[in-house]
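Hi everyone, thanks for making time.

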Amino acid sequence: MVIKQQTNADRIRAMTDEELAKLFDGMIINCEGDVPCNRYCSSYWGTEITCEDAWLLWLKEEAKE
């Protein structure tokens, strides 16, 4: 029996919305481009919520082509 190794893409596809939001929040740079986006994202999202919560909202939106 051959066991297929899980790729990074497989791992990402298996993530929940919450896990993806946390991953994006840790990778994305804020609007000034110099510090991690762990502050408020009001300038981009237009609300006073954390970037992680903003990513979670975006992940739950209907996809646009």
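This is a predicted model: local features need pLDDT of at least 70, side-chain atom pairs count only at pLDDT 80 or more; totals for chains, interfaces and linings use all residues.

Okay, the overall picture. The chain has four helices and zero strands, so if you start at the N terminus and read along, you get α-α-α-α. There are 65 residues, and 17% of them are buried. The accessible surface of the chain is about 5600 Å², and carbon and sulfur atoms account for 56% of that. As for contacts, take those between residues at least 6 apart in sequence: 38% of them join residues at least 24 apart.

Now let's zoom in on helix α2, which covers residues 17-27. Which residues of α2 are buried? They are Leu20, Ala21 and Asp25. These three span an arc of only 135 degrees around the axis, so they sit on the same side of α2. There's a handy bit of background here: an α-helix has 3.6 residues a turn, so residues three or four places apart point the same way. Turn to the face of α2 that points away from the buried side, and you find the exposed residues Lys22, Gly26 and Met27.

So what do the buried residues of α2 pack against? The partners are α1, residues 8-13, and α4, residues 51-60.

I'd like to stay with α4 for a bit. Two packed helices are described by the angle between their axes and the distance between the axes. For α2 and α4, the angle is about 130 degrees and the axes are 8 Å apart. That makes the two helices oblique to each other, and α2 passes α4 in a right-handed crossing. On the α2 side, the residues making the contact include Asp17, Leu20, Ala21 and Phe24. On the α4 side, Trp55, Leu56 and Leu59 are among them.

Let me pick out three residues from that contact. Leu59 is in helix α4. Is Leu59 buried or partly exposed? With a relative accessibility of 21%, Leu59 counts as partly exposed. Leaving out residues up to four places away in sequence, Leu59 touches Asp17, Leu20, Ala21 and Phe24. Leu59 and Asp17 are 42 residues apart along the chain, with 6.4 Å between their C-alpha atoms.

Over on α2 we have Glu18, which is partly exposed with a relative accessible area of 43%. Setting aside neighbours within four places in sequence, Glu18 is in contact with Leu56 and Lys60. Glu18 and Lys60 are 42 residues apart along the chain, and their C-alpha atoms are separated by 10.0 Å.

Last one: Trp55, back in helix α4. Trp55 has 17% relative accessibility, so it counts as buried. The C-alpha atoms of Trp55 and Glu18 are separated by 8.8 Å, and the two residues are 37 apart along the chain.

Definitions and conventions:
Residues are numbered from 1 along each chain as its sequence is written. Side-chain values use heavy atoms; hydrogens and water are left out. Buried means under 20% relative accessible area, exposed over 50%, partly exposed in between (1.4 Å probe, protein chains only). Contact means heavy atoms within 4.5 Å. Accessible areas come from the Shrake-Rupley method with a 1.4 Å probe; for residues, only the protein chains shown count as cover. The arc is that of the directions from the helix axis to the C-beta atoms. Axes are lines fitted to C-alpha atoms, for helices over the stretch in contact, and angles run from 0 to 180 degrees between N-to-C directions. Angles under 35 degrees count as roughly parallel, over 145 as roughly antiparallel, 65 to 115 as roughly perpendicular and the rest as oblique. A crossing is left-handed if the near helix is turned anticlockwise from the far one by less than a right angle, and right-handed if clockwise.
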